Amino acid sequence: MDKLLIEGGRRLAGKVYISGAKNAALGILPAAILADEGICEIDNLPEIEDIRCYESILTSLGAKISKDRKGHIKIDPSGVKSHIAGSEEVRKMRASYYLLGALLAKFGKAEVVFPGGCHIGVRPIDQHIKGFEAMGAKVTIEHGIIKVYTENGLKGANIYLDVVSVGATINIMLAATKADGVTIIENAAKEPHVVDVANFLNSMGANIKGTGTDVIKITGVKHLKGCSYSVIPDQIEAGTYMIAAAATGGDVTVCNVIPKHLESITAKLIEMGVNVEEGEDSVRVICTERPRGVNVKTLPYPGFPTDLQQPMTTLLSISKGRSIMNESIYEARYKHVDELKRMGANIKVEGRIAVIEGIEKLSGAEVMATDLRAGAAMVIAGLVADGYTTVTNISHIDRGYEKIEEKLRSLGANIKRI
Ligand SMILES: CC(=O)N[C@H]1[C@@H](OP(=O)(O)OP(=O)(O)OC[C@H]2O[C@@H](n3ccc(=O)[nH]c3=O)[C@H](O)[C@@H]2O)O[C@H](CO)[C@@H](O)[C@@H]1O
Ligand SMILES: C=C(OP(=O)(O)O)C(=O)O
């Protein structure tokens, strides 16, 4: 299995270009099967394992997918005839739960194997199910398969989410696009990728209003068509490079981003004494002295994203003084801490709280990517550590970061895949 070998101690400098957003693309791909006519052309797709996996799921459902250039695909869903998704790929990934909403909207029924994804907590899907049931579907779980059936299609409904959930918001939105009547989602997630999936569906002819606020109104339509669409830049990939720049005392311009989506990260870095300059579609991170420790609490958007908690923990582990991290979204997203400790970090975890006493330097070691963002955290740790760090289990990293070692090398890092 591949590993990343990193020689630490090099300051990152230059420009890095951010790919399309994983979590937006993973909602857009299943949405494309809803076209009753025409094809969907999707641009700025990130070249990552999760996208390859989703393309293969759609192909196995009968969609025709063609590619003519990097990050651009055409999906012809006219061959999708089955409401059953049960392949190994479905089981592997989290976002396969969107097949429930998409197949339900298309056929009035869906059978999908339970989703996988990063092991960072229990990750229930009760709010997705509650939404489908409110729209009149009957949901059962048999032998690891979620079965959702309707008698006469879905009916619009008022749905109040008990927790702010990206997945439930997008899934209910997908299901409701062709439902009979109006669906209102209250306490909806406001993440940029929720807005992006809705914009894509609206380009296909859906009628979705209010995304980006906590009340979304979906008026069901009868017919959807193909469209051309470009995925937004990845907020989390951008944040990862911003944090890596700060950790290495670097000067990095993170290009092809929407700076508004990065505000919570920008604000934290500024609080730590790092200089961040916002451009129109870029942010420049300049770090000239060791950052100060700060307190961080992960929250739904526009709060600090849980997906950057792990890279941020690495930065805090080498910042001045004590920091407190409060992971309010997932109860088990601290597996990277044990790996950071192998590199000398001084971190105590109790429940959702990590108390981090910043040390001057980490020291290189063999560490494991226990999940996707833990992997990013270990790569940043390797970049700043004394000597060599080997990161194993990097298939997790490949799920969500396009060509991470090439992008880092272009910024001056000494990193290679072995
Ligand atoms: C493919 C994708 O887009 N993944 C993202 C998505 O995951 P995902 O959609 O799985 O995350 P959610 O936003 O749904 O989860 C947020 C919180 O709600 C809880 N919950 C969720 C659904 C539910 O039915 N019941 C329930 O209790 C979860 O356990 C978690 O504590 O949003 C997360 C939160 O920003 C990110 O970390 C993931 O990168
Ligand atoms: C948790 C993540 O992904 P997934 O939901 O696909 O497991 C992530 O992108 O950080």
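Entry 1, ground rules. I take helices (H or I, at least four residues) and strands (E, at least two) as DSSP runs, numbered from the N terminus. I am working with a predicted model, where local features need pLDDT of at least 70, side-chain atom pairs count only at pLDDT 80 or more, and totals for chains, interfaces and linings use all residues. Residues are numbered from 1 along each chain as its sequence is written, while chains are lettered from A and ligands numbered from 1 in the order in which they are written.

I looked just past α11 and found Gly 344 with a positive phi of about 100°. Within the helix (residues 335-342), I noted His 336, Val 337, Glu 339 and Leu 340 as buried; that word asks for 20 or more other C-beta atoms within 10 Å of the residue's own, with C-beta atoms placed from the backbone. Viewed down the axis of α11, the buried residues fall within an arc of 165°, so they line one face of the helix. The arc is taken over the directions from the helix axis to the C-beta atoms. I then asked what these buried residues pack against: the partners are α10 (309-317), β20 (346-350), β21 (353-357), β22 and α12. Contact here has C-beta atoms, placed from the backbone, within 7 Å.

I traced an open sheet of 4 strands, ordered β22-β23-β1-β24, with mixed pairing; strands pair if DSSP finds at least two bridges between them. β22 (366-368) and β24 (414-417) stand at the edges with a single partner strand each, so one side of each has no neighbour in the sheet. On average, neighbouring strands are turned by 20° against each other, direction ignored. Axes are lines fitted to C-alpha atoms, for helices over the stretch in contact, and angles run from 0 to 180 degrees between N-to-C directions.

I also checked β1 (residues 4-7) against β23 (residues 388-392): they pair in the antiparallel sense over 4 bridges. Ile 6 has Thr 389 of β23 as its bridge partner. Helix α12 (residues 372-384) packs on this sheet and touches β1, β22 and β23, its direction making about 170° with that of β23.

Which residues does UniProt list for "binding site"? The unreviewed entry gives Lys 22 and Asn 23, and such annotations may be inferred rather than shown by experiment. Leaving aside neighbours within four places in sequence, I found Lys 22 in contact with Pro 46, Ile 48, Asp 50, Asp 234 and Gly 400.

How values were computed. Contact = placed C-beta atoms within 7 Å. Buried ≥ 20, exposed ≤ 12 C-beta atoms within 10 Å, placed from the backbone.
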